[in-house]
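Hi there,

Here is the structure I promised to pass on. Have a look at it first, and then read on for my notes.

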Amino acid sequence: HCTTIGNRTGADDVPVIGDDVEVGSNVVIIGNITIGNGAKIGAGSVVVHDVAPGQTVVGNPARPIRAS
């Protein structure tokens, strides 16, 4: 719900989202950002940098969290 995925200025400025990515509600992904395969993005996160494959990010701006 209420997730925004889009470009900023033109057709070349779009996000690329890999396979098996989990995106929570109210997430914002805008611009030339790559989300790697198997990544997880927590609800309410604002993604401003690339997310590595298998990485989990949360927050505003989205930051990686460590697995425990």
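What pattern does the protein follow when read along the sequence? It runs β-β-β-β-β-β-β-β-β, and the secondary structure comes to zero helices and nine strands. Helices (H or I, at least four residues) and strands (E, at least two) are DSSP runs here, numbered from the N terminus. The radius of gyration is 11 Å, close to the 11 Å that the globule rule gives for 68 residues, so the protein is as compact as a globular protein of that length. That radius is taken over C-alpha atoms, and the globule rule is 2.2 Å times the number of residues to the power 0.38.

Before the details, some notes on the source. This is a predicted model, in which local features need pLDDT of at least 70 and side-chain atom pairs count only at pLDDT 80 or more, while totals for chains, interfaces and linings use all residues. Residues are numbered from 1 along each chain as its sequence is written, and side-chain values use heavy atoms, with hydrogens and water left out.

**Overall picture**

The C-alpha trace spans about 40 × 20 × 20 Å along its principal axes. The protein exposes about 4400 Å², with carbon and sulfur atoms supplying 49% of it; accessible areas come from the Shrake-Rupley method with a 1.4 Å probe, and for residues only the protein chains shown count as cover. Of the 68 residues, 25% count as buried (buried means under 20% relative accessible area, exposed over 50%, partly exposed in between, with a 1.4 Å probe and protein chains only). Among contacts between residues at least 6 apart in sequence, 10% join residues at least 24 apart, where contact means heavy atoms within 4.5 Å.

**The sheet**

Four strands form an open sheet with mixed pairing, in the order S3-S6-S8-S9. Strand S3 (22-23) and strand S9 (63-64) stand at the edges with a single partner strand each, so one side of each has no neighbour in the sheet. Two strands pair if DSSP finds at least two bridges between them. S3 and strand S6 (residues 40-41) pair in the parallel sense over two bridges, and glutamate 22 stands opposite lysine 40 in S6.

**The core**

Ten residues make up the largest nonpolar core: Val27, Ile29, Ile33, Ile35, Ala39, Ile41, Val47, Val51, Val57 and Ala62. A nonpolar core is a set of buried Ala, Val, Leu, Ile, Met, Phe, Trp, Tyr and Cys residues joined through side-chain atoms within 4.5 Å. Leaving out residues up to four places away in sequence, isoleucine 29 touches Thr4, Ile5, Gly6, Pro15, Ile17, Ile35, Ile41 and Val47.

Serine 45 sits in the loop between S6 and strand S7 (46-47) and is buried, with a relative accessible area of 0%. A polar atom of the serine 45 side chain lies 3.1 Å from the backbone nitrogen of glycine 59. This is a polar contact, meaning a pair of N or O atoms within 3.5 Å; within protein, one must be able to donate a hydrogen and the other to accept it, and residues adjacent in sequence count only if both atoms are side-chain atoms.

Valine 28, in strand S4 (residues 28-30), is partly exposed at 27%. Setting aside neighbours within four places in sequence, valine 28 is in contact with Thr4, Ser45, Val46 and Val47. Valine 28 and asparagine 60 are 32 residues apart in sequence and 9.5 Å apart in space, C-alpha to C-alpha.

Aspartate 13 belongs to the loop between strand S1 (4-6) and strand S2 (16-17) and counts as buried at 16% relative accessibility. The aspartate 13 side chain reaches the backbone nitrogen of asparagine 32 at 3.0 Å.

**Backbone geometry**

Most residues other than glycine have a negative phi, and most peptide bonds are trans. Aspartate 20, in the loop between S2 and S3, has a positive phi of about 60° and is exposed at 69%. Asparagine 26 also has a positive phi of about 60°; this residue is in the loop between S3 and S4 and is partly exposed at 43%. A cis peptide bond, with omega about 0°, joins asparagine 60 and proline 61, and proline 61 is in the loop between strand S8 (56-58) and S9.

Best wishes
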